[in-house]
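Thanks for coming. I will take you through one model today, starting with its charged pairs and then moving on to rings and helices.

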Amino acid sequence: MADIVKTETQNLPAEINGGFNTAMKIAEELAKSDIIPKEFQKKPANCLIAVELANRLKASPFQVMQNMDVIYGRPALRSAFIIACINNSGKIIGSLKFEMNEKTTKCRAWAIEKETGARLYGPTITLEMAEKEGWLTKSGSKWKTMPDLMLRYRAASFFGRLYCPEILNGMYSEDEITDMKSAENMTATDIFAEPEVFPEEPAKGEEMEITQEMEDAANAYFEAHEQ
């Protein structure tokens with residue numbers, strides 16, 4: 001897949017030996033930097049949260065800070081970073097894939113589970129859902145200008161929350177927080193009200209072949225829509 005869904009996490013050791021005091025010292029040093037996002041500059045407490053999250057994700061603190069935004073007072077991870085974390089989680093073979101229906105109004109993320117070889121499907125995200133939840137009608141919404149990308153981003157977040165909960169651990173993506181009025185008043189939508197319109201699943205024991213042409217098309221798409 002394209003660079004937007006891949007990342008290397010070997011820049012800094014993720015394991016923090018020495019407990020809270022060591023983590024706090026790292027946070028205090030990071031807070032002195034003027035090249036980290038403003039939400040962390042001169043704010044050791046905020047940096048400590050980034051250090052803790054980096055330790056959990058086995059990423060570098062700087063990488064986490066670069067991919068975390070504070071929206072409406074809530075910390076949120078960027079969708080592309082969530083995809084990268086899923087790809088690097090060690091739970092799946094290869095990278096996260098996406099299926100769209102013919103009209104590009106529905107999307108679901110899927111991957112092959114490393115432990116069992118089973119195909120894991122995430123919840124289906126639809127433009128109808130986006131409209132009912134109010135995501136599509138918000139002023140300045142990216143759902144209006146790049147619905148294909150937003151469908152994939154939301155499908156990835158839902159997949160991560162279902163199969164890699166240790167990554168999100170209750171956190172939302174920046175797109176989710178921007179779209180919702182508040183986490184408390186989110187309304188549930190029946191995403192299975194209509195039958196799925198996806199290609200038939202491979203027969204048992206048979207895997208769908210991912211061709212070079214398909215990979216090239218995916219790379220071109222994400223390069224064109226990279227944030």
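A salt bridge here is a side-chain nitrogen of Lys or Arg within 4 Å of a carboxyl oxygen of Asp or Glu. Keep in mind that this is a predicted model. By that cut-off the structure holds eight salt bridges, and I will go through some of them.

Start with Arg 108 and Glu 99. Their closest N and O atoms are 3.1 Å apart, so the pair counts as a salt bridge under the 4 Å limit. Are these two residues buried or exposed? Arg 108 is buried at 9% relative accessibility, and Glu 99 is buried as well, with a relative accessible area of 7%. Arg 108 has another neighbour to mention: Arg 108 lies over the face of Tyr 121, at 4.2 Å from the ring centre.

Now the strands around that pair. Strand E3 covers residues 92–100, and seven of its nine residues are buried, so E3 is largely enclosed by the rest of the structure. E3 runs antiparallel to strand E4, residues 106–113, and six bridges join the two. Together E3 and E4 make a hairpin, with five residues between the strands. In that turn, Thr 104 has a positive phi of about 50 degrees.

There is one more charge over a ring to report. The charged end of Arg 119 sits over the ring of Trp 110, at 4.1 Å from the ring centre.

Back to salt bridges, with two involving helices. Lys 132 and Glu 128 meet through their side chains at 3.2 Å, N to O. Both are in helix H5, residues 127–132, and because they are four residues apart, about one helical turn separates them. Lys 132 is exposed, with a relative accessible area of 57%, whereas Glu 128 is partly exposed at 40%.

The next salt bridge is between Asp 179 and Arg 154, at 2.6 Å, N to O. This one links distant parts of the chain: Asp 179 is in helix H9, residues 174–179, Arg 154 is in helix H7, and the two are 25 residues apart. Asp 179 is buried at 8% relative accessible area, and Arg 154 is buried at 1%.

How many does a search of the whole structure find? It finds two. Phe 159 and Tyr 163 form a tilted pair, 4.7 Å centre to centre, with 50 degrees between the planes. Phe 159 is buried, with a relative accessible area of 0%, while Tyr 163 is partly exposed at 26%.

Last, helix H2, residues 44–57. H2 has 14 residues and reaches 20 Å from its first C-alpha to its last, close to the 20 Å expected at 1.5 Å a residue. Which residues of H2 are buried? They are Cys 47, Leu 48, Ala 50, Val 51, Leu 53, Ala 54 and Leu 57. What covers them includes helix H1 (19–31), helix H3 (61–66), helix H4 (79–87) and helix H8 (165–168). Strands E1 (68–71) and E2 (74–77) are also included in that cover. Just after H2, Lys 58 takes a positive phi of about 55 degrees.

That is my part; I will take questions now.

Key
Residues are numbered from 1 along each chain as its sequence is written. This is a predicted model: local features need pLDDT of at least 70, side-chain atom pairs count only at pLDDT 80 or more; totals for chains, interfaces and linings use all residues. Side-chain values use heavy atoms; hydrogens and water are left out. Rings of Phe, Tyr and Trp (its six-membered ring) pair if their centres lie within 6.5 Å; planes under 30 degrees apart count as stacked, over 60 as edge-to-face and the rest as tilted. Buried means under 20% relative accessible area, exposed over 50%, partly exposed in between (1.4 Å probe, protein chains only). A charge sits over a ring if NZ of Lys or CZ of Arg is within 6 Å of the ring centre and within 35 degrees of the ring normal. The expected span of a helix is 1.5 Å times one less than its number of residues. Contact means heavy atoms within 4.5 Å. Two strands pair if DSSP finds at least two bridges between them.
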